[in-house]
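Here is a short report for a first look. Have the sequence and the structure at hand as you read.

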Amino acid sequence: MRLRLLAAAAVLALSGAAAAPALAADDEFKLVIENHKFEPAELVIPANKKVKLVIENRDATPEEFESHALNREKVIAGKSTATVFIGPLKPGSYPFVGEYNEKTAKGTVVVK
Amino acid sequence: MLATAIIVFREVLEAALIVGIVAAATRSVPGRSAWLVGGVVAGILGAGAVALGTERIAAMAEGVGQELFNAAVLGIAVLMLAWHNLWMTSHGAELAKNARNVGHDIRDGRRELSVLLIVVGLAVLREGSETVLFLYGVAAGEGGASLPMLAGGLVGVAGGAAVGYLLYRGLLRIPLKWFFTATAVLVLFLAAGMASQAARFLIQADVLPSLASPLWDTSAILPQTSIVGTLLHGLVGYDARPAGMQLIFYVLVLVSIAAGMMWINKGGSPSAQKGAPSHKGAPS
């Protein structure tokens, strides 16, 4: 009985551990958060391509980069820089917000 | 104040749903209340530590430390939930019938309880650390701590906890005959949803390819930000715009745990032998 339990758990553990890194050279784009606003508020990126988004938070307080359209969320500590990979995406507009300051921190990724 | 309450509510809700389900699913395990509380307390302490270390965690692994950390936390939670369901499959019926009889099998019971503690602790830690960071931002923001906003935070915590408690009370009303199956299915979907979230973090960190982003888009029909969408996200891992890889993780975990449960059932659990006390380590 216990053997079965253990074996079943082991199979689950193995199936979850099959993740290999797949880094490649990427296009890099920069976003800056200052005074709870994104700069630029509209970021144009190429379609059908994975890009690296480097977000610098110049505010002292933490911010959460969140986009349901891009299916991304990431907390960025105050005075620090974070990396988020997005795409490959189809052409279109993908809004994002700073969840902790949603009133002012708004932006759009435009895929062309 | 309202905006603060809503943000905190959203963060707390997900953890509260997990705690509610786990609390209900283990209601027949003797001594589980103390372990549940312990899990929540450990989670809150952990959340504070993670919030303090955000910058350090984020800087690890070339800027994707946070994603790897979140994926690891979710991955451990998935394994623990899987273990819980497999354990309940072999002990559940016995526990429901005669809670006193399992007293002799303390070590086995304690392992299940520590699994429970870890699941609850990790859920609170993950959602809690974001809440702590947000409230820190509020307190440290321009003009200093504003009382209405901090009050909003408290309202949000209370609201999220209340929904988790309601779910718990609701689950307890399910007749015993279906209770185990119902909570096992809930835990199963909870685990699958977490696996999908873990995949999303690994895609965001560029560790895994997305395979399709998104695979589908149901945000027009059922936005993830709506009340129903939020609840479904927390309960069964609903995602309005999932990546292909997320679906693979979701299905893989769902099928693996379900298959494991069926396998254990077929192998004949000790609970099938009515009245006979189970013996730890006895092969079936």
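## A pair of facing residues

V51(A) stands opposite I86(A), a residue of strand β7(A). This is a predicted model. The two residues belong to a pairing of strands: β4 of chain A, residues 51-57, runs antiparallel to β7(A). Seven bridges join β4(A) and β7(A).

Strand β7 of chain A spans residues 80-86 and is mostly covered. Of its seven residues, five are buried. In a regular strand, side chains alternate between the two faces of the sheet.

## Chain A as a whole

What elements make up chain A? There are one helix and nine strands. The order along the sequence is α-β-β-β-β-β-β-β-β-β.

Chain A has 112 residues, and 39% of them count as buried. Among contacts in chain A with a separation of 6 or more, 59% are between residues 24 or more positions apart.

## A residue in chain B

Now turn to chain B. V255(B) sits in helix α9, which covers residues 244-266. Why does V255(B) count as partly exposed? It has 13 other C-beta atoms within 10 Å. A residue needs 20 or more to be buried, and 12 or fewer to be exposed, so a count of 13 falls in between.

L188(B) is 67 residues away from V255(B) in sequence. The C-alpha atoms of V255(B) and L188(B) are 9.3 Å apart.

Terms used:
Residues numbered from 1 in each chain as written. Chains lettered and ligands numbered in written order. Predicted model: local features only at pLDDT ≥ 70, side-chain atom pairs only at ≥ 80, totals over all residues. Helix = DSSP H or I, 4+ residues; strand = E, 2+ residues; numbered from the N terminus. Pairing = 2+ DSSP bridges. Contact = placed C-beta atoms within 7 Å.
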